[in-house]
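Here is a note to read beside the model. Take the points in order, and keep the structure open as you go.

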Amino acid sequence: MQIVSYLVYLIASILFIFGIKKLGSPKTARQGNFLSSLGMFLAVVITLFDQRVLTFEYIIIGIIVGSAIGAVMALKVPMTGMPQMVGLLNGFGGGASALVAFAEYYHIINITDGLEISTGVTIVLSVLIGAVTFTGSLIAFGKLQGIVTGKVVKYPLQNPINILLIIVVFVAGVYLVINPSNDTLLLAIVGISLVLGVLLVLPIGGADMPVAVSLLNSYSGLAASMTGFILQNNMLIIAGALVGASGIILTLIMCRGMNRSLMNVVLGGWEDAGAGGAAPVDGPQGDAKSVDAEELAMILDSAQNVVIVPGYGMAVAQAQHAVRDLTNILEKKNINVRFAIHPVAGRMPGHMNVLLAEAQVSYDKLFALEDINDDFPNVDVALIIGANDVVNPAARHDQNSPIYGMPILNVDYAKTVVVNKRSLNVGYAGIQNELFFFPNTLMFFGSAKEAVNKLVNEIKEL
Amino acid sequence: MEIFDLIMLIYVFVLAIFVGFELITKVPPTLHTPLMSGSNAISGITIVGALLSAGLEEFTISTILGLVALIFATINVVGGYLVTDRMLKMFKKK
């Protein structure tokens, strides 16, 4: 029986790997997710036959309660709320790993007297990573949901305190291995780890939460791996390592998109720079030219190549469907419409793509920064909706700008740039955008949804 | 656990991380959100450990911890896979 379950665990591991591999293309992605869930199903079923599993009441209760909560969450969450949802799920995964490690500890000291060093170490690591992921994710969820302040929260001796707490955890861990029956030590480790999760995420600003959520995603995987070490189960180790790698890669992509180091994000550096209460840095001023819907309709009508640059402002204004209508009407006139998506356009990696997919924009119209940036000189109209800092040319040349060095979409190389905005206000980075005053830029004032709807009507009347 | 066993587990861990890096760098940015929620569901694999604890013959503190772990892990697994499927369904090409 043991051999059968090992083989099924191997099959499950292979299904997880194939599942992620099939996420490499939108065509096969859904099938990949199915394969991955099939692997999970097989793993659960074969575990029920394990010789250790003898009572089923609690298992049935747990699975029914968990499935109900998970299903309701998954079906109710709006696509704009996806970062919070993933944040919360990370927390549950991490919490589960910590609890399993905790339960294993009591099980082991119940049936044997001692705790081997390697088992002790992995229990401590699993509890530490899992508990940090749990409370850290709850704070991240709170920040994204607006329950916890989105501001950078600084407290005195931030780094020394956190380092000290980690050292305390390790010292307690050593004592636990020497003195395995003293469960107060493990309780202390749990408590400190829970506090540590709060302290580590609190300093990170609300707008940096996507990085925190990606990092916590990685932690939840590592926690699962550590649990695999405790149970000596290769499948858990493999699955956890895949998630750990995924979270780290996404974290680094987000950091690169903002041109910031991971340390800078984790320590809450960014808003510190501009938080002195000083007025926003005065950028280039001048006369911005504005355009009305009727005139813009004519400009678009005579264009051949249009690129739309959506920012999170578009999602906040719920303008995705209006933008989709605009795309359809332009395509009917044989105008080539594409979308240029900056890595940090949404509130988590790939978020903007999901929001546009929900509005039924075809995914082959969505282009990543590196795939479209060289093409802007051939673009007749670049239409920017709800984005600001990610199209600020100062990032290319102004060494004094806080966003200097950040990869931006080179919209200013297009023949005409149209910026839809409510006013000339500054973006998230608190800096004026010189793009608005360029000779080839036209400002299309108005809130995104109304403005785009008006534009669609004007095009219809042409 | 013998030290030899531990080393074998570390082998698996390290190799799996390399596989993970190779696989995930090939996922296009357009699918990064479903990747995150889908891999998130995979991290719910800890459900296996939760089942082992919740299903112990005698009712002990491990059973209670296992039950809570099982609820958490099941939320993670079911919620993660369903929400990923909901998103991937929307990705269509005209």
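1. Two strands pair if DSSP finds at least two bridges between them. Helices (H or I, at least four residues) and strands (E, at least two) are DSSP runs, numbered from the N terminus. Strand S2 (residues 305-310) and strand S3 (residues 336-341) of chain A run parallel and are joined by four bridges. One example: Val307(A) has Arg338(A) in S3(A) as its bridge partner.

2. Some ground rules. This is a predicted model: local features need pLDDT of at least 70, side-chain atom pairs count only at pLDDT 80 or more, and totals for chains, interfaces and linings use all residues. Residues are numbered from 1 along each chain as its sequence is written, while chains are lettered from A and ligands numbered from 1 in the order in which they are written.

3. Now the whole sheet. Seven strands of chain A form an open sheet with parallel pairing, in the order S1-S7-S6-S5-S2-S3-S4. Strand S1 (289-290) and strand S4 (366-368) of chain A stand at the edges; each has a single partner strand, so one side of each has no neighbour in the sheet.

4. Chain A overall has 18 helices and seven strands. Its C-alpha atoms fill a box of roughly 80 × 50 × 35 Å along the principal axes. Of its 462 residues, 53% count as buried. Buried means that 20 or more other C-beta atoms lie within 10 Å of the residue's own; exposed means 12 or fewer, partly exposed in between, with C-beta atoms placed from the backbone.

5. Which residues touch the most other members of the largest nonpolar core? They are Val127(A), Val309(A), Ile384(A) and Leu70(B), in a core of 191 residues. Such a core is a set of buried Ala, Val, Leu, Ile, Met, Phe, Trp, Tyr and Cys residues joined through C-beta atoms within 7 Å. Beyond its neighbours within four places in sequence, Val309(A) is in contact with residues including Ala340(A), Ile384(A) and Val411(A). Contact means C-beta atoms, placed from the backbone, within 7 Å.

6. Look at the interface. 100 residues of chain A are in contact with 79 residues of chain B. Helix H4 (residues 82-111) of chain A gives the largest share of chain A's side, 18 residues.

7. Finally, helix H2 (residues 29-48) of chain A. Among its buried residues are Gly32(A), Ser36(A), Met40(A) and Val44(A). Their cover includes helix H1 (2-22) and helix H9 (234-257) of chain A, together with helix H2 (32-42), helix H3 (47-54) and helix H4 (61-90) of chain B.

Definitions and conventions:
Contact = placed C-beta atoms within 7 Å.
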